[in-house]
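Please follow the account below with the sequence and the coordinates in view.

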Amino acid sequence: MNSKMKSICEYDAPYPEIRVERKNPNYARMLSLAYAGPDSELTTILSYLYGNKVCTGKMPASLSDMLKYIAKVEMRHLDMLGELIMLLGGDPRFASGPRCHVGINTAMLNYQTDTAMVLRNAIAGEEGAVRLYNELIRAIDDRYIREILKRIIKDEEHHIKLFREMAGTSMYNGR
Ligand SMILES: [Fe+2]
Ligand SMILES: [Fe+2]
């Protein structure tokens with residue numbers, strides 16, 4: 001295990017306690033988009049684990065490990081969202097949509113094998129995650145959930161920085 005890379009991938013700040021002001025199944029349905037929608041924590045985890053496999057042995061050398069460790073951080077996000085969905089009175093099944101009836105379609109995942117494309121998709125995905133969490137913060141009037149989502153955004157911004165730095169260095173080592 002590359003413990004240095006693992007610690008680099010983790011943003012150094014505690015997570016707030018997982019709690020809600022009160023039950024609200026409508027908020028649970030809104031969170032399901034970030035939990036298991038088409039561009040969610042769940043699809044990100046799967047895309048990064050795929051990237052981890054196909055980037056093994058390719059340049060930049062630490063990209064494969066970075067994808068795995070960031071996938072673990074995304075799993076923490078997935079878990080926190082699932083806990084919130086439960087506390088709000090929702091169903092933490094891996095589905096999204098107005099009735100939480102749309103399961104993920106793994107054919108829609110990012111299956112790029114070119115490291116430059118993997119990095120480009122990762123950066124775009126993380127930026128999309130920040131946008132989605134900011135929209136959820138505006139729409140969800142619950143101070144505890146807002147604090148948790150703000151903390152998740154710190155992680156996603158950290159991931160953008162890490163992927164951008166790696167994309168920058170890959171220009172010099174021929175990927
Ligand atoms: Fe995440
Ligand atoms: Fe992320």
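In this predicted model, helix 2 and helix 4 pack at an angle of about 165°, with their axes 10 Å apart. Angles over 145 degrees count as roughly antiparallel, and helix 2 and helix 4 are therefore roughly antiparallel to each other. Helix 2 passes helix 4 in a left-handed crossing. On the side of helix 2 the contact is made by Ala-28, Leu-31, Ser-32, Ala-34 and Tyr-35, and on the side of helix 4 by Leu-78, Leu-81, Gly-82, Leu-84 and Ile-85. By class, this contact of helix 2 with helix 4 has eight nonpolar residues, two polar ones and no charged residues.

Helix 2 also packs against helix 5. The axes of helix 2 and helix 5 come within 11 Å and cross at roughly 170°; helix 2 and helix 5 are therefore roughly antiparallel to each other. Here Met-30, Leu-31, Leu-33 and Ala-34 of helix 2 meet Leu-132, Tyr-133, Leu-136 and Ala-139 of helix 5. The class count for the contact of helix 2 with helix 5 is eight nonpolar, no polar and no charged residues. Leu-31 and Ala-34 take part in the contact with helix 5 and also in the contact with helix 4.

A further helix pair involves helix 4. Helix 3, residues 41-54, and helix 4, residues 63-87, pack at an angle of about 160°, with their axes 8 Å apart. Helix 3 and helix 4 are therefore roughly antiparallel to each other, and their crossing is left-handed. From helix 3 come Glu-41, Leu-42, Thr-44, Ile-45, Tyr-48, Leu-49, Gly-51 and Asn-52, which meet Ser-64, Leu-67, Lys-68, Ile-70, Ala-71, Glu-74, Met-75, His-77, Leu-78 and Leu-81 in helix 4. The residues of the contact of helix 3 with helix 4 divide into 10 nonpolar, five polar and three charged. Pro-60 has its place in the loop between helix 3 and helix 4. A cis peptide bond joins Met-59 and Pro-60, with omega about -5°.

In soluble globular proteins, nonpolar side chains tend to be buried together. Of the 23 residues in the largest nonpolar core, Leu-31, Tyr-35, Leu-81 and Leu-84 touch the most other members. Helix 2 (25-36), helix 4, helix 5 (115-139) and helix 6 (143-170) each supply at least two residues of this core. With seven residues, helix 2 gives the most to this core. Leu-81 touches Leu-31, Ala-34, Tyr-35 and Glu-41, not counting residues up to four places away in sequence.

Several individual residues complete the picture. Arg-76 lies in helix 4. The C-alpha atoms of Arg-76 and Glu-41 are separated by 9.2 Å, while the two residues are 35 residues apart along the chain.

Arg-131 has its place in helix 5. With 12 other C-beta atoms within 10 Å, Arg-131 is exposed. Arg-131 and Ile-153 are 22 residues apart in sequence and 9.1 Å apart in space, C-alpha to C-alpha.

Arg-22 is found in the loop between helix 1 (3-9) and helix 2, and is exposed, with 9 other C-beta atoms within 10 Å. The C-alpha atoms of Arg-22 and Leu-88 are separated by 6.8 Å, although these residues are 66 residues apart along the chain. Gly-89 is placed in the loop between helix 4 and strand 1 (95-96). Gly-89 is partly exposed, with 14 other C-beta atoms within 10 Å. Not counting residues up to four places away in sequence, Gly-89 touches Lys-23, Pro-25 and Ala-28. A separation of 9.1 Å is found between the C-alpha atoms of Gly-89 and Asn-26, which are 63 residues apart along the chain.

Definitions and conventions: Residues numbered from 1 in each chain as written. Chains lettered and ligands numbered in written order. Predicted model: local features only at pLDDT ≥ 70, side-chain atom pairs only at ≥ 80, totals over all residues. Axes fitted to C-alpha atoms, helices over the stretch in contact; angles between N-to-C directions. Helix = DSSP H or I, 4+ residues; strand = E, 2+ residues; numbered from the N terminus. Parallel < 35°, antiparallel > 145°, perpendicular 65-115°, else oblique. Left-handed = near helix turned anticlockwise from the far one by under 90°. Contact = placed C-beta atoms within 7 Å. Nonpolar A, V, L, I, M, F, W, Y, C, P; charged D, E, K, R; others polar. Core = buried A, V, L, I, M, F, W, Y, C linked by C-beta atoms within 7 Å. Buried ≥ 20, exposed ≤ 12 C-beta atoms within 10 Å, placed from the backbone.
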